[in-house]
Amino acid sequence: KIFQAVVSCVGSDGTIYIIPKSFETALNTLMAEIQNTFKGLGLLIPYCWKKGEACVVRGSDTVWYRAKIIEVSGSTLQVQYIDHGYIESIPQCHLYPTTFYTSIPPFCIPCQLYKTLPIGNFWQQDAVDYLQELLKNEEVEIHVEELPDDPWGKLSISLYFGGMSLSSFMAYQKYCVAEDCQDLEKLGVFEGDLSPSYLLQPLPVPGEVFPVTVTHLVSPKELYICLDSSGNLTKCSATEGAASRDSESLNKALKWCNKIVKTLPHLTNFRKELPCLAEYVDGLWYRAKLLSITQLVPVQILVQFVDYGTYLVAPTSRLRHIPCHLLKYPVQAVRVLLAGFRPTSDDKNVERIPYSPEWSLKALWTMMDCVEGKHLFASILTVSPEITISLYGDDKNLVHLKLIEMGLAELDE
């Protein structure tokens with residue numbers, strides 16, 4: 001069985017506690033009922049607690065949780081939150097014995113990684129800390145491999161985050177040995193000697209009108225667009241639906257990559273068009289490709305972020321190998337040319353675009369105002385030798401008409 005789950009915590013022995021996504025509604029309903037039943041403080045009169053006894057606990061967030069007594073030690077008790085897995089020492093005044101809700105099974109499931117042996121036969125503290133930092137409160141994919149003999153035992157699972165196997169990843173980090181580690185090569189956290197390349201985005205058929213957003217302008221006529229399934233057409237095409245799903249999965253995979261990016265090796269091969277991860281000015285890492293070396297001492301590389309079209313000159317410290325599973329998602333940004341207009345010889349603005357001097361900077365800023373952050377619509381006219389489109393605003397008018405009105409461009413039949 002395969003299902004989505006949220007990791008609630010990682011125990012000190014490396015047990016991974018998960019809450020299946022399908023349980024979330026029932027758990028939230030139960031939690032609301034517990035809050036309505038128990039109000040105020042815990043039990044303030046003396047009480048003889050017993051190991052294994054059911055209770056409710058008032059957590060540090062003042063919310064009541066189901067729990068059971070793990071150990072009795074003077075005025076404090078060690079309890080386990082049975083719906084979340086974590087264990088805590090709590091003063092007796094924050095507990096209340098109860099037989100309510102004991103017929104409802106715990107919502108979290110204790111798990112262990114299938115055929116995975118920790119170094120030293122038990123999970124070391126640094127490995128547990130790493131698992132906790134990596135997984136806590138994150139949504140993951142669970143593959144059930146083996147049921148426990150004891151109903152209260154641990155479920156043996158394979159866990160995948162952002163398309164990567166946790167067992168293979170922890171084995172790569174030297175925290176454990178994974179018997180089924182063949183997908184380490186497949187996921188490739190780390191192979192750079194291959195010659196990988198990105199997949200191209202499938203496009204709607206010429207003549208079809210589809211929603212887009214503009215992610216980068218090179219000039220008023222040359223820009224990068226992304227298919228936008230959130231546009232307000234009555235229905236989106238199969239191409240747009242697939243693009244939307246790819247975009248959502250890619251964003252999840254990139255979020256995970258940002259969590260583990262320090263474990264990915266720096267680039268040592270600077271072949272043109274080589275896929276990589278690059279750090280943008282916002283401190284996050286995105287998919288990119290190498291374009292050229294712009295400086296040798298110190299080395300500076302021109303890269304392009306393939307899902308946006310934007311460029312950046314970066315030192316090698318901001319470039320890392322890309323996990324191979326990130327290559328299965330098509331590039332999100334598509335370079336296009338706009339049809340129907342051209343630069344005008346009457347544009348007297350002296351400030352020109354340095355790399356495209358036929359256009360004034362004012363024309364670029366005007367086009368940017370017309371498209372930036374807007375829901376737009378496109379229709380493909382030609383796909384060869386260049387992808388050429390007509391681009392429309394929400395009002396169904398061509399976006400370049402503004403430039404023509406201002407004398408910054410002229411019609412081109």
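Predicted model: local features only at pLDDT ≥ 70, side-chain atom pairs only at ≥ 80, totals over all residues.
**Cysteines, Tudor stretches and the largest pocket**

Residues are numbered from 1 along each chain as its sequence is written, and side-chain values use heavy atoms, with hydrogens and water left out.

**Cysteines**
- You'll find zero disulfides here (a disulfide being a pair of cysteine sulfur atoms within 2.5 Å).
- For Cys108, the closest cysteine sulfur belongs to Cys9, and at 7.0 Å that's too far for a bond.
- Cys176 is buried too, at 4% relative accessibility.

**Tudor stretches**
- An unreviewed UniProt entry puts "domain: Tudor" at residues 48–105 and 269–329; such annotations may be inferred rather than shown by experiment.
- Residues 48–105 come out as 0% helix and 50% strand, with end C-alpha atoms 25 Å apart (helices are DSSP runs of H or I, at least four residues; strands are runs of E, at least two).
- Residues 269–329 have 0% helix and 48% strand, and their end C-alpha atoms lie 22 Å apart.

**Largest pocket**
- By class, its lining has 20 nonpolar, six polar and three charged residues (Ala, Val, Leu, Ile, Met, Phe, Trp, Tyr, Cys and Pro are nonpolar; Asp, Glu, Lys and Arg are charged; the others, Gly among them, are polar).

How values were computed:
Buried < 20%, exposed > 50% of the residue type's maximum accessible area, 1.4 Å probe, protein only.
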